[in-house]
Amino acid sequence: MNTSNTFLNKITVFSRKLAANNYIKSIQSSFMAFIPLMMLSSFATLFSSLIFNDGGILSGFMTAETLESIRTIFTSVTNGTNNIISLALAVAISYYLSKYKNFDNPIGAVLSVLSIMVIIMPLTLAVTSEETTINATNMISFTYTGTSGIIVAMIIGLIGTTIFMKLSNNTHLQIKMPAGVPEVSAKSFNVLIPTILTGFIFAIIAFIFRLAGTTIYQFVVSLIQVPLKGLVTGLPGFTFVAAIASFVFTLGIHSSAVNNVVLRPFLAANMNENMIALSAGLKAPNIISDAFMDYYLRIGGAGCILALVIAIFIVGKKKQNREIAKIASIPALFNIGEPIIFGLPVMLNPIMIVPFVLCPTVCILLGYAATAIGFVDPLIVYTPATTPVIFATFIGSGGDLKACLVQAVMLVICTLIYMPFVKLYERTLVDEDEEAND
């Protein structure tokens with residue numbers, strides 16, 4: 001028992017150190033900041049593909065030309081959200097890293113990183129017409145600013161900002177302005193040399209890659225992003241990482257510390273590919289995406305915690321547990337599981353760790369199977385995290401009641417999984433009460 005506790009303590013300490021790491025926190029905070037943009041893009045896709053598309057809800061009331069004209073509204077929204085997500089991610093990471101490192105000129109770091117993201121882009125783009133292909137200059141492709149460049153953005157956001165801050169903190173590279181100069185001007189001159197040096201460092205690196213016949217984007221995408229995306233968004237890899245995320249939550253580290261860093265970049269890319277396909281009138285190609293994780297794995301919160309609340313109402317006998325379940329029931333309907341996770345508690349509870357990890361795993365397999373056999377389509381719309389259970393899935397599936405049925409079945413199965421563990425946990429509480437009375 002002591003060995004087990006020591007092992008858990010070591011994992012807990014390591015997990016908390018990892019979660020407190022400024023680089024991890026920067027990535028995590030950046031993806032959290034993107035939620036409004038992801039929602040905007042999701043609803044644009046929903047309106048474009050289900051309402052104003054050929055064969056959509058309004059197709060019988062408007063001409064094809066009118067529908068196509070209206071869809072340009074949603075195309076513009078997509079261009080301003082998903083298609084610039086890499087640029088926005090690099091900027092956000094730079095900002096948060098500067099903030100967490102207590103750097104006094106975060107806007108300087110942000111502008112430097114934004115410049116770097118353009119500096120390392122290819123100088124020419126192959127543009128193909130019906131008969132010929134030409135190399136066009138002075139163009140930026142959404143291929144590099146969209147989800148295909150997410151890993152590059154993370155690397156540049158972290159490394160570029162770190163280099164910039166290191167150089168800026170070197171007093172020999174600072175240009176001190178006399179007293180009385182406005183603060184904004186003084187800060188700009190203070191980072192003038194670091195900005196120049198950082199920009200040229202990455203320009204030279206990009207030049208070296210061009211000499212090798214490739215680009216930084218192509219190198220990172222082919223050697224890092226594509227293999228990792230295939231690994232963590234495939235069924236085995238995704239299931240494993242999701243289980244780890246649930247497990248570390250039971251140690252007191254929020255699962256988002258794992259999900260936002262390891263899964264979210266690739267799930268966002270899959271979600272974007274689904275939206276692009278739907279906008280083009282095609283079937284969404286990816287089963288596992290942001291929406292899949294949020295609607296099928298987090299029924300009531302991490303660990304499908306709404307099932308635990310229901311299980312306590314069904315088989316729970318201890319008054320204190322039932323009171324906690326009553327308090328936690330409303331938040332759980334809105335996917336807020338913390339009241340029962342920390343109130344029961346699930347955290348650091350050896351009995352509850354098993355179902356808390358097992359239930360999301362079961363939901364992954366059920367959701368994947370239901371989609372793979374064609375019973376439901378891939379989820380396509382991202383909604384706020386606190387959108388009520390079932391209703392969120394209805395919106396996320398584009399109004400598919402079968403997807404709601406799948407989630408309801410998951411909830412029933414997870415409730416059945418939690419029930420024997422609730423009984424076992426309450427039995428240990430009874431034993432503890434008897435020992436205390438003795």
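A salt bridge is a side-chain nitrogen of Lys or Arg within 4 Å of a carboxyl oxygen of Asp or Glu. One such pair in this predicted model is formed by lysine 326 and glutamate 323, whose closest N and O atoms are 3.6 Å apart. Both residues belong to helix H16 (residues 319–333), and because they are three residues apart there, about one helical turn separates them. Lysine 326 has a relative accessible area of 48% and is therefore partly exposed. Glutamate 323, with a relative accessible area of 35%, is partly exposed.

The structure holds six salt bridges. Among them is the pair of glutamate 183 and lysine 187, with 3.4 Å between the closest N and O atoms. These two residues are four apart in helix H9 (residues 183–190), so about one helical turn lies between them. Glutamate 183 counts as exposed because its relative accessibility is 55%, while lysine 187, at 28%, counts as partly exposed.

What of a salt bridge that links distant parts of the chain? The side chains of aspartate 294 and arginine 264 meet in a salt bridge with an N to O distance of 3.6 Å. Aspartate 294 sits in helix H14 (residues 290–297) and arginine 264 in helix H13 (residues 256–279), and the two are 30 residues apart, so that the pair links distant parts of the chain. Buried means under 20% relative accessible area. Aspartate 294, at 13%, is therefore buried, and arginine 264 counts as buried with 10% relative accessibility.

Now to the chain as a whole. The protein chain has 20 helices and two strands, and its C-alpha trace spans about 75 × 65 × 45 Å along the principal axes. Of its 438 residues, 48% are buried. Contacts between residues at least 6 apart in sequence were also examined, and 72% of these join residues at least 24 apart. The chain exposes about 20,800 Å², with carbon and sulfur atoms supplying 68% of that area. As for charge, there are 23 positive and 21 negative charges, and their mean positions are 8 Å apart.

Part of the surface is a nonpolar patch of about 860 Å², made by Met177, Phe189, Leu192, Ile196, Phe200, Ile204, Phe207, Ile208 and Leu211. Which helix gives the most to this patch? Helix H10 (residues 192–211) does, with seven residues. Isoleucine 204 is found in helix H10, and its 49% relative accessibility is why isoleucine 204 counts as partly exposed. Isoleucine 205 is also in helix H10 and counts as partly exposed, at 32% relative accessibility. From isoleucine 205 to isoleucine 216 there are 11 residues in sequence and 8.3 Å in space, C-alpha to C-alpha.

Two further residues show contacts beyond their sequence neighbours. Serine 112 lies in helix H6 (residues 106–119). Is serine 112 buried or exposed? Serine 112 counts as buried, because its relative accessibility is 4%. Setting aside neighbours within four places in sequence, serine 112 is in contact with Phe164 and Thr198. Valine 362 is placed in helix H18 (residues 350–372). Not counting residues up to four places away in sequence, valine 362 touches Ile413 and Ile417. Between valine 362 and asparagine 79 there are 283 residues in sequence and 36 Å in space, C-alpha to C-alpha.

Definitions and conventions:
Residues are numbered from 1 along each chain as its sequence is written. This is a predicted model: local features need pLDDT of at least 70, side-chain atom pairs count only at pLDDT 80 or more; totals for chains, interfaces and linings use all residues. Side-chain values use heavy atoms; hydrogens and water are left out. Patches are made of residues with over 30% relative accessible area and no salt bridge: like charges are joined within 9 Å, nonpolar side chains (Val, Leu, Ile, Met, Phe, Trp, Tyr) within 5 Å. Accessible areas come from the Shrake-Rupley method with a 1.4 Å probe; for residues, only the protein chains shown count as cover. Buried means under 20% relative accessible area, exposed over 50%, partly exposed in between (1.4 Å probe, protein chains only). Contact means heavy atoms within 4.5 Å. Lys and Arg count as positive and Asp and Glu as negative; His and the chain ends are not counted. The place of a charge is taken as NZ of Lys, CZ of Arg, CG of Asp or CD of Glu.
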